[in-house]
Structure formats: C-alpha cells, structure tokens
Amino acid sequence: MEKVMRLVSENGLVIFSKSSCCLCYALKILFQEIGVTPTVHELDQDPEGREMERAVMRLGCNAPLPAVFIGGKLVGSTNEVMSLHLSGGLIPLVRPYQSISN
Amino acid sequence: MLFFSSSLYISMYCLLPDFKLSNAYNFNLTCTKAASIISSRSMDFPSTLFVPSRTMGTYEPIHQIGLWGENFKSIGSPNISPSVIFDVANKLENESETTSHELLAPSSKYDQEASKPFDKIQRRLAQNREAARKSRLRKKAYVQQLENSRLKLIQLEQELERARQQCLYAGGAIEVGHLGISGALNSGITAFEMEYERWMEEQNKQICDLRSALNAQISDIELHILVESGMSHYLELFRMKSSVAKADVFYVMSGTWKTSAERFFSWIGGFRPSELLKVLVPQIDPLTDHQILEVCNLKQSCQQAEDALSQGMEKLRETVSATLASGQMGQGTYLPQVAMAMEKLEALVNFVNQADHLRKETLQQMSYILTTRQAARGLLALGEYIQRLQALSTVWANRPHGPAKLTVENVR
C-alpha cells in the first residue's frame, strides 16, 4: 500500500497496469492521443505486484487493471476514464501534466 | 423412435390388474434394456397399441383387457419380469385407481348397474372421466418432455460431430467433453435472438411513435417520455449484449443477429460511435454555437477513444497470434499453445464491453447536449438509419443477377 501511495503522490499521472494486458495498452494509447505521458507501473513486473493490485482495489478500484490516478486521486479503470473523456472532463484534469511540447 | 414408443406401451401394462403386484418389486432394469426386450417382441403387438394417447385414455375396459391380456401372454414371463415396469408407469397406475378398479371386474360393474342409484353411477362415471383426462394430460406432458429431450440429444450429437470433425482436421487429441457448456452457449444465444426479435419490434414501434409525435407537435413533456423510453430501450440492448458476450463473445463480435449491411459497419461488436454522430448531427440542425462546440468535442473524444480501443484490439490479435504460433510447428501437437491463447483471448470480452460502454456513453452525452426535441429527432434519425441499413441488406440479398434494378417490388 505504501508503495502505491508513494507512487501516486510523487507523480501526477499514474497508471497501474500489466504489460500483458491489451486493454491497459489501449488506455496508454488514449493518454498518448490527448498528449500526456503518464507514469506507467507494470504490476506484473513488480515483485510486490499482487499486493499493490490488492491495495489499488482497496482504494476503490473495483474493476481489474488498469487503474488510473490523477493528482494523487483514483479516477478509476477504463470505464471511468472513457466516461470522463467523453464528458470532456479528462483533458482539463490532465492539463497540468501535459508535456511542454504539446 | 422405438425407444420412446416402447416406454409408452410399457406404461400401459401397469393398468393390467396383475401388475398391481409390481409395486412390491424393485425396478432396476433400465429403460433401454426394457425397450430392447419389448421391441424384439414388436411383431406380437397389434398396431392399435401404437395409437396416440388420446385414444389410450378412452374408457374401453373390455376391449383393452382382451388386447393387452393376449399380448402379455405372448411375451411370456421369463423375459419380461415385473421389474421392467418404471416409476412413471407406476405413478400412472396409482393415480388411475378408478380406471383399473373398473378393469378388474368389468362384468360385475355392468351387472350391478341397474341396482345402483342413478347419481352414484353418474358420479363414478364422472370420476372415471376425470381420472382418464388427467392421465391423458400427464401422458401428453411426458411425451412432450421426451420429444424435447430427443431434440436436445440430436442437437448435442451435432455439436459433438462438429467438434469431432474439427479435431480430426487438426489432427490433435483435444478432449471433446464440453457438451454441457456448448449446450449452455446455444441456449444463451437462442435466448438472445428471441429477445432481440422482440427488441426490434419494440424499436420499430417506438420509431413510429416518435415520427407521429414529432409531426403532431406534441408538448415537450410528452416528447421527453418518448425520448426516455428510446434511451432506456438502447440501454436494454446493451444489457442483453453484455449477457450474451459472457456466453459467447465471438457471437457478439460477428454480429450474426444483425443484417449483412449492419455487419459491414460493425466495429468491435456494434456501431462506431463517431460514425453514429456523423449520421445524426445533420438531422438535428439547427444547433446553437455552444452545442456545435460540445458536439465537436464529443466527436473528437469518441474518435480518440475508438483509436485507443482499435489499437488495443490490434495488440490483442498480435498477442493471440504470437502465442498460437509459438513453439515448434510440424509435430501436430499444440495443446500448450492453445491453452495460452485461450487466456489471452479472454480479454476480448473486456474489449466488447468497453466498446458497448463507449456507445452507451456517446448516446448519454448526446442526450445531455441536446434539447428534448432535438434528442427526439436524433433518435428517430438513428432508428430510420438502421431501418435503411436493413432494407439495403434485403434488397442486396434479392438483387437479380445482372444490372441491379431498383423497382418498387424489391425495395419493400
């Protein structure tokens, strides 16, 4: 849990994912499309991955990975991120973290 | 068929007076065994034994006793022990007490007829009729059940044959022991197709209602009700799709329940939301500047989300392909690869759900952006667009081979 909290507080835009998960990959592409580069943490490549996954779920993410945190707060999984994006709420939320080149 | 008709005429033997003794025996011979024994004797049976249940229930004690008595003798006791009788037959016997009682002593009944009071006789006859009627109904239900089981058996056999052929073709040794699962798959799909037919009927009705409502200039409040019905009707479709996707995601991906032109535009199991917007927006003019901006943003967000999902799907295809192609080829063994690919493929359900979620969200966002009247026109346009696609499928399927002629007949 501490590792999760540390990661989300240190970075504005964090995605907890699995390298083998194609839906996680789709979400990473989405962020790319809107011009942000999130910090991606692949839980299947982390020895504490399972605990971190459980910690993420305890924080309120009830869908399986990916889990997206913006500004230290849990936004949710693919469903929530897509809904947010379609309602126009995602871009303002990530604006502080957009890369300068964009 | 002999199996089923055997059990039918087995059940008739219980009505013989001697077979009341059968209650005391253990019935351990299976149906098939009995059927084979009896069917070998089929030459002894007169054709009247094969008559449908309707006539079997009729009260004809003397005629029946004579018939069954002869044939029972011809079977001979060594081969047909009372243990051949089944629980079903037993039930029928127990509950048609009245009828068998009459069979026991037909002659005495007729002798005493004149001495019994008239209404007692009438009551007894009525009871008999009732018992016979109930017996007929039970028999009918039983036959129906057998017929259903038979159809199910044929269906399962076909599944098994198909799976076997696939195995033979592949040259592998995959165990085809999942008949139970494929049976469930089929019933999930059948249920969905039936529901979809009803959904489509309701959809067309709602489109008519919307059309007449918009032409009749009804109030916004009443129009709002129609819009809400339309929206929840689509939500119902997404719920149905989610359910059948769990049973068979490939079914949803292939869009089998839709017409060919609809399938042509299919994207991960349904409409591409941005395409939908392209169709709808011109139909709901005029829009305010603010609305135009919002619709524009929605279109862009849709496109980005669609791209992301499409690329995810592409990655999924690559992953499954790479997994299947891994290891040495040429030995004819592939179970580990197939097992690994199965795991990867499970993600497909997530993609279909995500795509449907996107479609749902697009519709909802549009309903927030638009006024009630605009939303009504949007739903009507969407409905009519689907109808046009369906009409296109029909006309295409019926086109003459040669230059296509759009006559009044083939546009119906």
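Predicted model: local features only at pLDDT ≥ 70, side-chain atom pairs only at ≥ 80, totals over all residues.
Between them, chain B and chain A bury about 1,800 Å², and 65% of it is on carbon and sulfur atoms; buried area here is the accessible area, taken with a 1.4 Å probe, that two parts lose on being put together, summed over both. Of the area that chain B buries against chain A, 29% is supplied by Gln304(B), Lys315(B) and Gln354(B), more than by any other three residues.

Residues are numbered from 1 along each chain as its sequence is written, chains are lettered from A in the order in which they are written, and side-chain values use heavy atoms, with hydrogens and water left out.

The contact (heavy atoms within 4.5 Å) takes 22 residues from chain B and 17 residues from chain A. How many salt bridges are there between chain B and chain A? The count is 0, a salt bridge being a side-chain nitrogen of Lys or Arg within 4 Å of a carboxyl oxygen of Asp or Glu.

On the side of chain B that touches chain A, the elements giving two or more residues are helix H14 (289-325) and helix H16 (347-369) of chain B. H14(B) gives the most, with 13 residues. Helices are DSSP runs of H or I of at least four residues, strands are runs of E of at least two, and both are numbered from the N terminus.

Asp46(A) lies in the loop between strand S2 (39-42) and helix H3 (49-58) of chain A. Leaving aside neighbours within four places in sequence, Asp46(A) is in contact with Lys3(A), His41(A) and Met52(A).
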